[in-house]
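Here's a quick walk through a few spots worth a look. Keep the viewer open as you read.

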Amino acid sequence: MRLLRHILFTLTAMTIAGSAMAQQSSSSSVVRKGGRDSKKETTEKSARVTDRMQQFFNEPERSDADAQWMKIVYRQIDLDKVKNAPLYYPEEIIDGQENLFRIILRLLADGELSAYEYLDGREVFTDQYKVNVRDMLDRFHILYTDAKGSTEKKPRFTIEESDVPANEVLSYYLLERWEVDKRSNRMRTTVEAICPVLHRSGDFGGEAVKYPMFWMKMDALRPYLTQQSIFIDDDNNLAQYNYDDFFQLALYEGDIYKTRNLRNKSMMQLYPDPDSLKHAQDSIQEYLVNYEKKMWVPTREEIIAQREERERLAAGDTIATREDNAAVKKSAARSSRARKATKTKAPKKVKEAKPKASASSSATRSVRRRK
């Protein structure tokens with residue numbers, strides 16, 4: 001009797017739990033159907049970034065004690081260059097693909113990220129210099145409306161696709177940090193901030209005037225850049241990279257327009273002559289690239305290759321190609337290895353292998369007479 005009561009009680013409890021779960025699932029499905037459009041919900045979910053994801057991309061605070069050398073460089077990225085074209089195209093949103101400025105302005109209008117004032121070489125990324133988005137939109141004459149749920153403390157704006165001046169953002173400023181880490185003894189290059197630049201002409205035409213809009217920290221922007229895939233080559237239309245890879249791998253091409261200095265002057269102010277300016281830019285770029293190489297003692301092969309190259313240049317052969325340099329280094333390496341082998345190792349005598357007698361030959365002898 002007790003067993004029967006236990007069975008009936010268990011079945012009743014299971015029935016009640018099943019009906020409750022069914023009711024809960026039906027109510028949740030009704031909420032989803034009555035919510036926003038599925039396409040909008042999908043795009044919003046793809047644009048969300050969790051705190052854990054943001055912490056993954058945040059660079060740890062660097063201490064000057066870990067660096068033995070550091071250089072701050074300002075670089076201008078012109079979008080009319082072929083290598084920088086992935087940042088500009090497509091001009092309009094096509095199949096969910098949008099260019100870099102549309103992503104930045106959308107995140108700024110939604111209140112997802114903060115921007116900082118452009119101070120012309122005195123950048124300070126603190127709350128005191130945060131950009132007021134409404135004032136920035138009014139300053140650059142970008143049409144907008146207050147979004148649903150916008151408040152004074154947390155303003156949000158809606159900007160139509162046709163009102164985004166994506167075709168006028170023709171260049172970017174990058175704030176690069178070059179430093180040598182003491183622990184790894186390696187050069188490390190990072191993009192700390194990015195600034196979109198508007199190119200606008202006057203009412204009567206003429207040369208376009210550049211208007212830097214604001215600075216945005218790259219660490220805060222990186223989680224959103226990883227969600228947009230791009231292809232960087234016309235020969236391969238497969239989107240193998242994203243915007244974050246584009247900056248982390250330094251796939252862009254740009255000229256140095258300023259380095260951090262005491263007088264806070266740009267390269268154009270220091271070198272008014274165009275030829276002197278180009279020479280100074282190339283010298284700084286070469287110095288940054290070769291700084292890590294100068295930290296190490298050159299090998300014997302590299303010294304021989306450099307000496308032979310100097311002798312060839314002194315003889316009048318001014319045309320030096322990469323193939324020639326590579327051939328010189330290879331020949332020097334081969335000759336050095338050959339000299340080391342002759343000095344250190346003596347040739348080994350090769351022992352002649354004696355043929356092993358087969359089982360049949362050892363068992364029987366020839367009965368033929370020998371004369």
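## Leu 113, tucked into a loop

In this predicted model, Leu 113 has a relative accessibility of 10%, so it falls under the 20% cut-off and counts as buried. You'll find Leu 113 in the loop between helix H4 (100-109) and helix H5 (133-139).

What does Leu 113 touch, leaving aside its neighbours within four places in sequence? The contacts are Leu 107, Leu 108, Met 216, Ala 220, Leu 221 and Tyr 224. Leu 113 and Lys 217 sit 104 residues apart along the chain, yet their C-alpha atoms are separated by 9.1 Å.

## Helix H9

Helix H9 covers residues 274-294, which is 21 residues. At 1.5 Å a residue it should span 30 Å, and the end C-alpha atoms are 29 Å apart, so the two agree. There is a bend, though: about 30° at Leu 288.

Leu 288 is also one of the buried residues of H9, along with Leu 277, Ala 280, Gln 281, Ile 284 and Tyr 291. In an α-helix, residues three or four places apart point the same way, because there are 3.6 residues a turn. The buried residues of H9 pack against strands S1 (67-78), S4 (169-181), S5 (186-202) and S10 (255-259), plus helix H8 (267-270).

## Aromatic rings

The count of aromatic pairs comes to 14. Take Phe 247 and Tyr 252: their pair is tilted, with 6.0 Å centre to centre and 45° between the planes. Both partners are buried, Phe 247 at 6% relative accessible area and Tyr 252 at 10%.

Ring pairs also link Tyr 74, Tyr 118, Tyr 173, Trp 215 and Tyr 257 into a cluster. Over the face of Tyr 74 lies Lys 258, 5.6 Å from the ring centre.

Conventions. Residues numbered from 1 in each chain as written. Predicted model: local features only at pLDDT ≥ 70, side-chain atom pairs only at ≥ 80, totals over all residues. Heavy atoms only, no water. Helix = DSSP H or I, 4+ residues; strand = E, 2+ residues; numbered from the N terminus. Expected span 1.5 Å × (residues − 1). Bend = angle between axes of the 7 residues up to and from the residue. Buried < 20%, exposed > 50% of the residue type's maximum accessible area, 1.4 Å probe, protein only. Contact = heavy atoms within 4.5 Å. Phe/Tyr/Trp six-rings, centres within 6.5 Å; stacked < 30°, edge-to-face > 60°. Lys NZ or Arg CZ within 6 Å of the ring centre and 35° of its normal.
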